[in-house]
Each structure stands twice: as C-alpha cells, then as structure tokens.
Amino acid sequence: MSRLRTKIYRGLLLVYPPSYRRDYEQPMMQMVVDLLREDARGLGAGRLWLHLFADLFRSAFVEHGRVLSEWVRVRPQRAWGALLAIGALIGAVAAGSLAATTAQGSAVGRSSLWFTAAYAMILVGFLGVFLVRRKKGSGLLLAGVVLTTVAHLPVITYEFALSTGRTFPARAAEASGFLIMAGVGLVGMGMKETSQWSRVASRSTLVVLLYPLTLVFGYTALVNAVGGAQLTADFLFRGGYFLSWVVLGLAVIRQKAPQSAAERK
Amino acid sequence: MDLPLPASQFHVLLALADGEKHGYAVMREVEEMTDGEVTMGPGTVYGTIRRLLELGLIEETDERPDPELDDSRRRYYRATSSGLVVLTAETERLARLVKTAGIKRSNRFKPRIEGI
C-alpha cells in the first residue's frame, strides 16, 4: 500500500517543470516516504494527502512561474510574442463567454464560450501548421487540426439545431467530442514532434495558463452535472473539451527535460 | 540581498542556522519553531531551498551526521556565512519592527480598544 502511495506521488510530480524534477524528485520522494511513515504512526491519511495536494499544486504553480519569468528574461521577444498569442486566445474565450452570458442571461459556460474556444483553438492550430510547414511532424499536426475542425461540425450543427428548435441526433454530437479529443491529441503530438512548443510558447507558459482554464472548464462541467441541465450531450461535449486540455497538457509534460548548460557542453 | 526575506525563506534559513539538515528535518524544525502554525510540504521546502541555493544563502553539504543510520537519497544543507549575515540582519529588522509595534500598542492601540 505504501509503495502504491509513493508511486501515486511520483506520478503527481509530473506537474513540476522538468528541470525542477531532475534536481529535486529524489529528495522530495524521500520526504514523502518519511511523511507516510509518520502517517502510519497515527496522522490522518486524508489530512496528509490534502496537505500534500495543496502543497504540490501551489508550489508547482510557483515553479512554473519562475521558469516562465526566466524564459521571458532570456528570450524577451519570443516570450512576449507567445504571451500575446495566448492572451489573444484567452481574450477570445472570455469575450465569447461574456457575450453568451449577456445575450442569454445564462450561467457560466453556455455554448458560445465553447464555440469561441473551438474557433480559437482551430485558429491557433492553423497558425501552428503555417509555422512548421515542410518540417518533420508537420503532417501529424495538420492531421490533428483537420480532424479537430471536421469534428466540430456535428457539434455546431447540434447546437444550432437546439437554438432554432430543430432536431439533430445528439449521439453524433457526443461522438464528435471524442474525435475532438483525438484531434487535439494529434495536434499535441505534432507540436511535440516538430519541437514547436518552444516557438509557440514554453511549456511553463501553457501550464500556468492552463491552470485557470482547466479550473473554469472543470467547474462548468461540475455545474452542469450537479444542476442536471443538458446532462448527456452537453456534459460529454464539455467533458471532451476538458479532457482535450488534459491531453494537450500531457503531451507537453511528456517532453524530455531540457538539458542544462553543463550537459549541452 | 534585499530585505525583508520572504517568510518561507526566513523560516528555512533559521532552521539551518545551527547545522546541516535534510529537507524533512527542516520541515519538522519549522513546525516546532512556530508551534505548528507554519506547516510546509515537500514542494514548498524544496522550492525555498532551491531559491536559497541560487542566492548563495545556503549550500549543499556531503557531510552526514551518522552515515550508518542515514539514507543516501537524503540531501543535507547548511547556511553559508552570507546566509548567516542575512539572517542576522533580518532578525534585527524584525526585532525593531516588534519593538515599534509594542510602543505603538502601548500608546495608541490600548485606548482605542478600551474605547470600543
């Protein structure tokens, strides 16, 4: 049981930047082994894990922030370009959300938010394809972007049918949610293959920005689930998006740790 | 080195002031020093240690208190001489602040509290 718990914690350490993991994974694991041993002597397991989770995510966020600020310092032009692009993406999502909320008087996360997010993702994807054309892995990236785009068509048609009082098979929209996930996964792999993450944005930029986005998406999915509204197609669709971001995050996290200056020599 | 030190850095530096310790011992020492009011997890401890190493206020040491009982995966750290200088300066700054707060409390806080 203890080995399982340490394995779980080792897996959770993936949320840290690779350079941090390379330096501190072993001593942190040793510290957790000590804490778990102490837990066996009477501390509450739930309380301990709560403490570990809170510490993990708070400190990982700080470490990504530090890597990001270092990147901005070393490569300011590239960093500001990437931040501008990602800021535009988030701005588009926020504008869509605001427009939807104002127009429909609805809660967070109505369809326009997801449309805007979808269009923004597709736009960024095509921008990525343009940047890496004729490079190794660009075919994978293009396939991902095309699949993501095509997979959105049933969803958009479904939402359009709902808003105009017509009918459209909900299952087609549900199935497309999984295709979107696959498409975004391909985009992630393509980006990794073409080594373009560093061109579009550093891993830390993405992780820092994905934190709040993932929270918003997760929260929206939870609200829909608890509220019981549009529980099937809508929830799966939003769940698909949520998982898409996770897939993207994992594609980034699974990159090799960058070499230190000494190793490069 | 600019003062004030962030609270986590001050706590870790203070824990390492009297000799080398590993991360878990630092965490326990901070808890004891603050009567359990400050609890640090592995991420906070090693994030702070990393920052203090970068600033040159602490250093990693190969010395082991008891190699027979110790685990080789542990890493030990101790305060450097510049770390001790910064710690002294920060402690004096805090002492002055507490003294000022004490004077202000006796002069102004008390009547206000009594007047409520």
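A polar contact is a pair of N or O atoms within 3.5 Å, where, inside protein, one atom must be able to donate a hydrogen and the other to accept it. By that rule, in this predicted model, the side chain of B:Lys21 makes a polar contact with the side chain of B:Asp18, at 2.7 Å.

The relative accessibility of B:Lys21 is 12%, and because buried means under 20%, the residue counts as buried. When its neighbours within four places in sequence are left aside, B:Lys21 is in contact with B:Ala15, B:Leu16, B:Val26 and B:Glu29, and also with B:Arg75, B:Tyr76 and B:Tyr77.

From this residue we can turn to the way in which the two chains meet. The contact draws 22 residues from chain B and 22 residues from chain A. On the side of chain B, the residues that lose the most area to chain A are B:Pro42, B:Tyr46 and B:Arg50, which together account for 34% of what that side buries. The size of an interface is often given as the accessible area lost when the parts come together. Here the area buried between chain B and chain A is about 1900 Å², and carbon and sulfur atoms give 52% of it.

Charged and polar pairings also cross this boundary. The rule finds 3 salt bridges across the interface of chain B and chain A, and a salt bridge is formed by A:Arg66 with B:Glu54, whose closest N and O atoms are 2.8 Å apart. Sorted by class, the side of chain B that touches chain A has 8 nonpolar, 6 polar and 8 charged residues.

The mean pLDDT of chain B is 86, with 84% of its residues reaching 70 or more. Within chain B, confidence is highest in helix α1 (residues 7-15), at a mean of 95, and lowest in helix α4 (residues 81-115), at 84. The model as a whole scores ipTM 0.81 and pTM 0.58.

Key:
Residues numbered from 1 in each chain as written. Chains lettered and ligands numbered in written order. Predicted model: local features only at pLDDT ≥ 70, side-chain atom pairs only at ≥ 80, totals over all residues. Heavy atoms only, no water. Contact = heavy atoms within 4.5 Å. Buried area = accessible area lost by both parts, 1.4 Å probe. Salt bridge = Lys/Arg side-chain N within 4 Å of Asp/Glu carboxyl O. Nonpolar A, V, L, I, M, F, W, Y, C, P; charged D, E, K, R; others polar. pLDDT = per-residue confidence, 0-100. Helix = DSSP H or I, 4+ residues; strand = E, 2+ residues; numbered from the N terminus. Buried < 20%, exposed > 50% of the residue type's maximum accessible area, 1.4 Å probe, protein only.
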